[in-house]
Structure formats: C-alpha cells, structure tokens
Amino acid sequence: MRKLLGIMARLRDLDSGCPWDIEQTFASIAPYTLEEAYEVVDAIQREAMDDLRDELGDLLLQVVFHAQMAREAGYFEFDDVVAAVNDKMVRRHPHVFGDAQVDDAAAQTRAWEQIKAQERAVDKPADQGPPSALDGVSLAMPGLPRAVKLTRRASRVGFDWPNARGVFDKVREELAELEAEYDTGGGHQRLEDELGDLLFATANLARHLNVDPETALRGTTARFERRFHAMEEEFRQRGQELSGATFAEREQAWENAKQAERNRLNQEKNA
C-alpha cells in the first residue's frame with residue numbers, strides 16, 4: 001500500500017511527474033472513478049476472477065488518486081480515509097465489536113440504518129433544515145438506484161404500499177397517463193414528466209419484488225445484444241442486409257434468435 005501511495009505521489013510531482021496526472025482534479029477524475037466501479041461490477045457479473053482482481057486494483061488506484069490530491073491541498077491524508085472507514089465499520093457493527101445483539105441479517109440491516117440515520121442527523125448542517133428520512137441520498141447516483149433508495153427510505157417511515165399489488169396498479173396508472181399525453185399531443189416536457197413517473201413507479205416495483213432494477217436492465221440489454229447479433233448473422237448467411245429486410249422478415253429473425261437462445265439454455269440446464 002505504501003508503494004502504491006509513493007507511486008501516485010511521484011506521478012503528481014510537479015517537477016518530475018506525469019503531465020497528465022499532474023493536471024487532473026477531483027472533478028476530472030470522478031468519471032474514471034465511476035467507470036472503474038462499473039468495471040468491477042462487470043467482472044463480478046461475468047464471474048471473471050482474474051479480471052475482478054485487476055479491476056479492484058484500478059478502483060483502489062482511484063481512491064489513492066483522490067487522496068493524493070486531497071493531501072496536496074491540505075484537506076486530509078490517505079491514513080485519514082482509512083481511519084474514518086475503520087471507525088465507521090466498528091461503530092456500525094456494535095453486535096460484533098460491542099455488546100449489542102441481533103437476531104438475524106434483517107435485524108442487523110435495520111440496526112445499521114438506524115445508526116446511519118443518527119449519524120446523518122448529527123452531521124447535517126443547521127442551515128440545511130431539520131433531519132429528513134431522505135437525507136444522504138446522493139444526487140450523483142444513477143436514476144434507477146436513486147429512485148429505489150428514496151422509496152426505501154420513505155417506506156421506513158410508513159410511506160409505502162403494503163405489498164407489490166398496489167405498485168403494479170401504480171405502474172399501470174402511470175403508463176396510461178403517459179399514453180394519454182402522447183395521444184393528445186403532449187409537449188416534450190409533459191412526456192418527459194410522465195415517463196419519469198413511470199420509471200420511478202417501475203423502480204419502486206422492483207424494490208417491492210426484491211429485484212435490483214439496474215441488474216435487471218443490464219440483463220435485458222445483454223439478451224438484446226445477443227439476439228440482435230444472432231439476427232444479424234442470420235441475414236449475413238442469407239447474403240442479405242438487415243437494413244434491407246422487410247418488417248416481417250426482421251420479426252421472424254428476431255423470434256428465431258429468441259428460440260435458439262431458449263434451446264441453448266435448455267440444453268445447458270439438462271446437460
């Protein structure tokens with residue numbers, strides 16, 4: 001770890017460092033930090049452990065990069081980052097490092113969230129108003145995960161449907177409102193608002209179903225890619241361009257791709 005910290009300090013050295021590394025800022029590096037986190041997730045989903053090892057290293061480098069820039073500006077040191085997370089883990093696990101008792105993982109999760117809420121209430125500046133159940137949900141989160149987190153926070157103070165059935169009804173209601181705006185020539189802003197309502201309701205439904213919407217969507221897009229590539233290959237084997245096919249031909253090729261994938265999955269399941 002000390003070697004890595006030394007490498008980053010050398011890269012940022014104004015006299016002998018790397019020009020690209022020297023000119024970076026917190027803001028310019030932030031997109032790379034997000035990208036590396038997504039690449040970690042991708043390696044996990046592919047169950048590629050060698051790649052996961054490398055991607056975790058890349059993500060760790062991002063932490064070191066930010067800590068080095070903070071050190072140069074006099075904000076904090078890397079050791080402060082480590083000390084803060086050590087303190088946080090001990091504080092949030094009193095059942096491990098203290099005398100508290102929890103019955104199961106669900107009870108531990110509730111206790112964890114209570115401790116976090118207490119921390120947010122203490123840390124919130126007085127000029128930002130009284131504590132809220134929605135405090136601490138980052139604006140920088142992607143839309144679907146943020147929607148899930150907001151609705152989960154709201155549910156803890158009783159603002160929620162008793163079960164998924166009510167959310168199914170809400171999704172249908174929002175879809176009907178979006179369709180009505182479309183049919184009546186609603187402007188771009190109205191269509192955007194109604195589509196946002198539909199996506200928010202869908203994210204809330206995912207929470208009730210205990211499904212991560214981001215994971216679900218990534219799975220769907222992966223299936224779309226596989227089937228689309230198979231469809232393209234079918235037309236190539238015919239000596240025909242996909243763009244020149246009729247709607248009916250494209251629909252049949254798409255169904256062929258879906259059936260081929262189902263057959264493959266069944267064979268793997270029965271193997």
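Predicted model: local features only at pLDDT ≥ 70, side-chain atom pairs only at ≥ 80, totals over all residues.
**Entry 1: α3 against α4**

I started with how two helices cross: α3 passes α4 in a left-handed crossing. I then looked up the geometry of the pair, α3 being residues 26-45 and α4 residues 49-73. Their axes lie 9 Å apart, and the packing angle is about 160 degrees. Angles over 145 degrees count as roughly antiparallel, so that is the label α3 and α4 get.

On the α3 side I have F26, I29, A30, Y32, T33, E36, A37, E39, V40, A43 and I44. On the α4 side they meet D51, L52, E55, L56, D58, L59, Q62, F65, H66, M69 and A70. Sorted by class, this contact comes out at 14 nonpolar, three polar and five charged residues.

**Entry 2: α9 against α10**

From α9, the residues in contact are A164, V167, F168, K170, V171, E174, L175, E177, L178, E181 and Y182. Their partners in α10 are R190, L191, E194, L195, D197, L198, A201, T202, N204, L205 and H208. My class tally for α9 with α10 reads 12 nonpolar, three polar and seven charged.

**Entry 3: α8 against α11**

Then I checked α8 with α11, the latter covering residues 213-238. The two axes come within 8 Å, crossing at roughly 150 degrees. So α8 is roughly antiparallel to α11.

I find L144, P145 and V148 in α8 meeting P213, E214 and L217 in α11. By class I get five nonpolar, no polar and one charged for this contact.

**Entry 4: the largest pocket**

The largest pocket holds about 270 Å³. I count 14 residues in its lining, and T151, F159, W161, F200 and N204 are the ones closest to the centre.

Of the elements, α10 gives the most, with five residues. The lining splits into seven nonpolar, two polar and five charged residues.

Key: Residues numbered from 1 in each chain as written. Heavy atoms only, no water. Axes fitted to C-alpha atoms, helices over the stretch in contact; angles between N-to-C directions. Helix = DSSP H or I, 4+ residues; strand = E, 2+ residues; numbered from the N terminus. Parallel < 35°, antiparallel > 145°, perpendicular 65-115°, else oblique. Left-handed = near helix turned anticlockwise from the far one by under 90°. Contact = heavy atoms within 4.5 Å. Nonpolar A, V, L, I, M, F, W, Y, C, P; charged D, E, K, R; others polar. 1 Å grid on protein atoms, 1.4 Å probe; cavity = no way out; pocket = protein on both sides within 12 Å on 5 of 7 lines; lining within 4 Å. Points joined across faces, edges and corners; volume = space filled by probe spheres on them.
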